There are 2 protein chains.
Amino acid sequence: MSRVFNFSAGPATLPEPVLRQAAEEMLDWHGTGMSVMEMSHRGKAFVSIAEQAEADLRELLAVPDNYRVLFLQGGATAQFAAVPLNLVGDAPVVDYVNTGSWSKKAIAEAGKYTRVNVVAEGGKGDPMGIPAQATWQCDPQAAYLHYCANETITGVEFADIPDSGDVPLVSDMSSTFLSRPLDVSRFGVIYAGAQKNFGPAGLTVVIVRDDLLDRASSLTPSIWDYKRQAEADSMLNTPATYSLYIAGLVFQWLKGEGGLEVMAERNHQKASKLYAAIDGSAFYRNPVEPSARSWMNVPFVLADDSLDGQFLSEAESAGLSTLKGHRSVGGMRASIYNAMPEAGVDALIEFMADFEKRHG
Amino acid sequence: MSRVFNFSAGPATLPEPVLRQAAEEMLDWHGTGMSVMEMSHRGKAFVSIAEQAEADLRELLAVPDNYRVLFLQGGATAQFAAVPLNLVGDAPVVDYVNTGSWSKKAIAEAGKYTRVNVVAEGGKGDPMGIPAQATWQCDPQAAYLHYCANETITGVEFADIPDSGDVPLVSDMSSTFLSRPLDVSRFGVIYAGAQKNFGPAGLTVVIVRDDLLDRASSLTPSIWDYKRQAEADSMLNTPATYSLYIAGLVFQWLKGEGGLEVMAERNHQKASKLYAAIDGSAFYRNPVEPSARSWMNVPFVLADDSLDGQFLSEAESAGLSTLKGHRSVGGMRASIYNAMPEAGVDALIEFMADFEKRHG
């Protein structure tokens, strides 16, 4: 067995100790004689797994007591519908910042259920950036202000949390969740698909402030009703049990590594190195304004895009996998989530320098 | 490591060879250097896994070419909303048979989106049964006729497929799916959560006839839109990749065992034995009419329910796990899905006889 450095944007690389433990426990979890995958979600064993996962996540993020942590299904795309269904209430409009593909999808989905006011358009042009908040055209009657904290495809990330005043702030944090500490108290709702930074696809974390639990439309599907799921400890129906178990192992791993402050240092270090290597070369280029560059997803293009195929196949041979950029933008993309070790980034930088030497 | 016989109603026991293979491949699937859990869903490796899973499922069930197979998220409870959202179209009403708890939940959820006509009430009284179809009050204008093929909680199962005439027939098959051959051509839509008979919780199979793909309400969340998911090969968003991989391994296991005819024989044999043991005793009782008895979920009560706790704790000690009946009905329930070997049923019958001898 030989593990590669996997730069996939999601599903993405996971900590090897987590996978080892999962493999070891696959047929018999803690002497129960069964796999976690086979356990009743109502049984003591699984309830203990779910409770521990929630407690660890709360500890990692210092989630305030007036927030509920839900473990739901459907990924962030499900929340694109669930957010307006749960939060619009009597408001006539919702505010969305558009900074790229995922913002656009969230806006389109919300438009099925309410009127959407796009407050600003970013993530366009070259270099791509995020318009200053002073220029945003917010509606004071909006039920909430929504933004995508990190656009996975283009690598455009908010460096700071926007100030939404009294309007609840809602964020799709899928690809930045748990990459650094976060002031949860600034938000009304945070949601994140697990498959970027903390687990298998199919699990979604939703963190929602208590006072927002009473606004759901009668059209909200039960399994996405925040209040009902909060009352049922996310077990209104059978949750994605095995995915939650893996996420729990990732939370434990994060705690063991020193928590989110340590992750922030490491992630900042990894991203800084990689951007420095790109910026220091005329052969590679990153098309994002430095102030809006993602720590998690680093897209780059080759000056000569006819070399793209060769770059990818040689990288693959060197054990650097899944570096192809999203089909909508082309080029390359290195996703360097928590579980990507600095050694993986070093290996990529070394390969890039070598490739440039041979083809530049 | 010692495996128990796990009678959980779901999540439920899985074939041991499937779990062994999953454990072996956890860190490196087929020399890719990564876990299936870490693979991009758009990459060649995972696409091959998904395609094989669909091909195997189609082969097992002999799914006709004019049906699409979707792998979605959210469990059957998600489909309680997705079915009316996708299928009502311009129809003024939908028909539902009520045979128990899951039927009731499906009816309540459909009632959010359309008018529901309950055509018959079953699964009540003692013994519980299913009203003859001749007595059902169907509405000829109904968009579809829905029934729950197997009520997991009470063990009330349809022995035959109802005749819905020209009205599309829709069935929640969660706990009977793949337990025997099925004439798919009789249905408009079949759906099933994986966690009973073919995989981890979080994956849902939907089999939908082509001509029903054009009726979705504009309020349908994108990830549940049958047509859009059919066009996107179930990858409109990131699917529950690892759960789909496990389901694929179960499909392979089913094929290796001889397919659904063999499963039907085994399941019939297991259920017959267990019902015979119950019926042959004055100490145990099953509260379902013989014609409506489930092959998959066998509830039974003790004549003296003060012995319930002792029965459960002694069974647990004997390696017979998760026999407690659903909290809404009490007593015991043995779920004996495909992956429960006949030896497990034999062990249960032996334990029951011994317990009766000591306490009867």
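Let's start with Asp172(A) and the residues around it: leaving aside neighbours within four places in sequence, Asp172(A) is in contact with Ala76(A), Phe80(A), His146(A), Tyr147(A), Cys148(A), Ala149(A), Asn150(A) and Tyr191(A). Contact here means heavy atoms within 4.5 Å. This is a predicted model, where local features need pLDDT of at least 70, side-chain atom pairs count only at pLDDT 80 or more, and totals for chains, interfaces and linings use all residues. Residues are numbered from 1 along each chain as its sequence is written, chains are lettered from A and ligands numbered from 1 in the order in which they are written, and side-chain values use heavy atoms, with hydrogens and water left out.

So where does Asp172(A) sit? You'll find Asp172(A) in strand β8 of chain A, residues 169-172. Strands (E, at least two residues) and helices (H or I, at least four) are DSSP runs, numbered from the N terminus. With a relative accessible area of 5%, Asp172(A) is buried; buried means under 20% relative accessible area, exposed over 50%, and partly exposed in between, using a 1.4 Å probe and protein chains only.

Asp172(A) also turns up in a UniProt record. The unreviewed entry lists it under "binding site" along with Ala76(A), Thr77(A), Trp102(A), Thr152(A), Gln195(A), Asn237(A) and Thr238(A). These residues are spread over 163 residues of sequence, and in space too, with up to 30.2 Å between C-alpha atoms. Among them, Asn237(A) and Thr238(A) are in the lining of the largest cavity. A cavity is a set of points, on a 1 Å grid over the protein atoms alone, where a 1.4 Å probe fits but cannot get out, and lining residues have an atom within 4 Å of a point. As for the record itself, UniProt positions are given in the numbering used here, feature names are shortened, and annotations may be inferred rather than shown by experiment.

Now follow Asn237(A). It lies in the loop between α5 (226-231) and α6 (241-257) of chain A, and it is buried at 7% relative accessible area. Not counting residues up to four places away in sequence, Asn237(A) touches His41(A), Gln73(A), Ile223(A) and Gln229(A), plus Gly74(B) and Thr77(B).

That brings us to chain B. Thr77(B) is in helix α3, residues 75-87, and counts as buried at 12% relative accessibility.

A disulfide is a pair of cysteine sulfur atoms within 2.5 Å, and a search of the whole structure finds 0 of them over all chains. Cys138(A), at 41% relative accessibility, is partly exposed.

Finally, look at two helices of chain A. The axes of α7 (residues 260-279) and α9 (residues 342-359) come within 10 Å and cross at roughly 5 degrees. That makes α7(A) roughly parallel to α9(A), because angles under 35 degrees count as roughly parallel. Axes are lines fitted to C-alpha atoms, for helices over the stretch in contact, and angles run from 0 to 180 degrees between N-to-C directions. Residues including Leu274(A) and Ile278(A) in α7(A) meet residues including Val345(A) and Ile349(A) in α9(A).

Notes. 1 Å grid on protein atoms, 1.4 Å probe; cavity = no way out; pocket = protein on both sides within 12 Å on 5 of 7 lines; lining within 4 Å. Parallel < 35°, antiparallel > 145°, perpendicular 65-115°, else oblique.
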